[in-house]
Amino acid sequence: MPLKASQLKIGDTHSARLVEDLKRTQIVQYAGSSGDYNPLHTDEIFTTQVAGYPSVFAHGMLTMGMTGKMLTDYVGDARLTKYGVRFTSQVWPGDTLDATATVTEVGGGIAKFDVKTVNQNGVEVLSGYAEARVD
Amino acid sequence: MAVKDFPVEASHILMFARSIGDENVVYTDAEAAKQTEAGGIIAPPTFVQASAQFDPDYVLRPKPGQPWFGSGGKATGITRATSGGGGGGNGGGLHAEQHYEYHRPVRPGDVLTAKTFPGKTWEKEGKRSGKLVFSESVTEYRDQKGELVVTARGVGVRTERPVEQPAPAKA
């Protein structure tokens, strides 16, 4: 269900819950599908004892992938033309993430969005932008 | 990263979509996907990252007969004379940014190549992790005809020490 430019206003938002109580198993699942087997994401012993982190943490790209679902559910399939993010805080097992897209510009068949994902404490974990073709 | 052949397959798209918690039929159901605007299965927006599976030299995949820095009998399989964990362990630091430009959707049957070009590098003093060294790279994903499908720009960061956490992380 692609968006219609005529129905979009600057400042409109769309939000979605991406995950509740992120499980280590989902991080393992993402390691397997993406091929990024960095032990920081799946190996609690290495990550706590050698790398010095309190626990394994999610791949930034898992957060970007989950945030992408919020976007494509909003703008429609095969509609994104640009999507870029900065990873601003780590995402840990147990986290609950919510993502929001905010319309910043509409015109010329394209809508632009600010994109933001926060954890259960309101800490921003991802910040970025997207552009999509609209009708 | 250089990937000569990244064959895009529906089963890989299905697994990838499941791993990001997105079971949209356009990624998971060939019949239902035909009825969508995409006209068939497409890959989710961040799927090309999985080209790592097809990079023979990818450093973040254990390889038979080679040392691996994750734990086995010991907490790490590699002993290094460096100080601290370097934030990213031995595996190339942390991911700071990722940007995609989509020229067309990725579909099963595509055989992509990925060519990576180095970009800028810069340094910054971080409050929570000491000196940060950022490096950028641009990867072009092209199809069998040589046409550009996705342009990706990634920024990695190496930290002097593990990133300090504002509060103890709870598992």
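The model is predicted, so local features need pLDDT of at least 70 and side-chain atom pairs count only at pLDDT 80 or more, while totals for chains, interfaces and linings use all residues. Residues are numbered from 1 along each chain as its sequence is written, with chains lettered from A and ligands numbered from 1 in the order in which they are written.

**Stop 1: the sheet.** Select the strands of both chains (strands, E, at least two residues, and helices, H or I, at least four, are DSSP runs numbered from the N terminus). An open sheet of 10 strands runs 1(A)-3(A)-4(A)-5(A)-2(A)-2(B)-5(B)-4(B)-3(B)-1(B), with antiparallel pairing; two strands pair if DSSP finds at least two bridges between them. Strand 1 of chain A and strand 1 (2-7) of chain B stand at the edges with a single partner strand each, so one side of each has no neighbour in the sheet. Neighbouring strands are turned by 20° against each other on average, direction ignored (axes are lines fitted to C-alpha atoms).

**Stop 2: strand 2 of chain A.** Select A:80-87. Strand 2 of chain A pairs with strand 2 (residues 94-102) of chain B in the antiparallel sense over five bridges; A:Val85 has B:Gln98 as its bridge partner there. Strand 2 of chain A also pairs with strand 5 (residues 124-133) of chain A, antiparallel over seven bridges, where A:Leu80 is bridged to A:Ala132.

**Stop 3: the interface.** Show both chains. In contact (C-beta atoms, placed from the backbone, within 7 Å) are 47 residues of chain A and 49 residues of chain B. Helix 4 of chain A gives the most to the side of chain A that touches chain B, with nine residues. That side divides into 24 nonpolar, 17 polar and six charged residues (Ala, Val, Leu, Ile, Met, Phe, Trp, Tyr, Cys and Pro count as nonpolar, Asp, Glu, Lys and Arg as charged, the others, Gly among them, as polar).

**Stop 4: helix 1 of chain A.** Select A:24-34. A:Ile27, A:Tyr30, A:Ala31, A:Ser33 and A:Ser34 are buried (20 or more other C-beta atoms within 10 Å of the residue's own, all placed from the backbone). These buried residues pack against helix 2 (39-42) and helix 4 (60-75) of chain A, together with helix 1 (10-19) of chain B. A:Gly35 follows the helix, with a positive phi near 85°.

**Stop 5: chain B.** Its elements run β-α-α-α-β-β-β-β from the N terminus. Of the 171 residues of chain B, 32% count as buried.

Technical notes: Buried ≥ 20, exposed ≤ 12 C-beta atoms within 10 Å, placed from the backbone. Contact = placed C-beta atoms within 7 Å. Axes fitted to C-alpha atoms, helices over the stretch in contact; angles between N-to-C directions.
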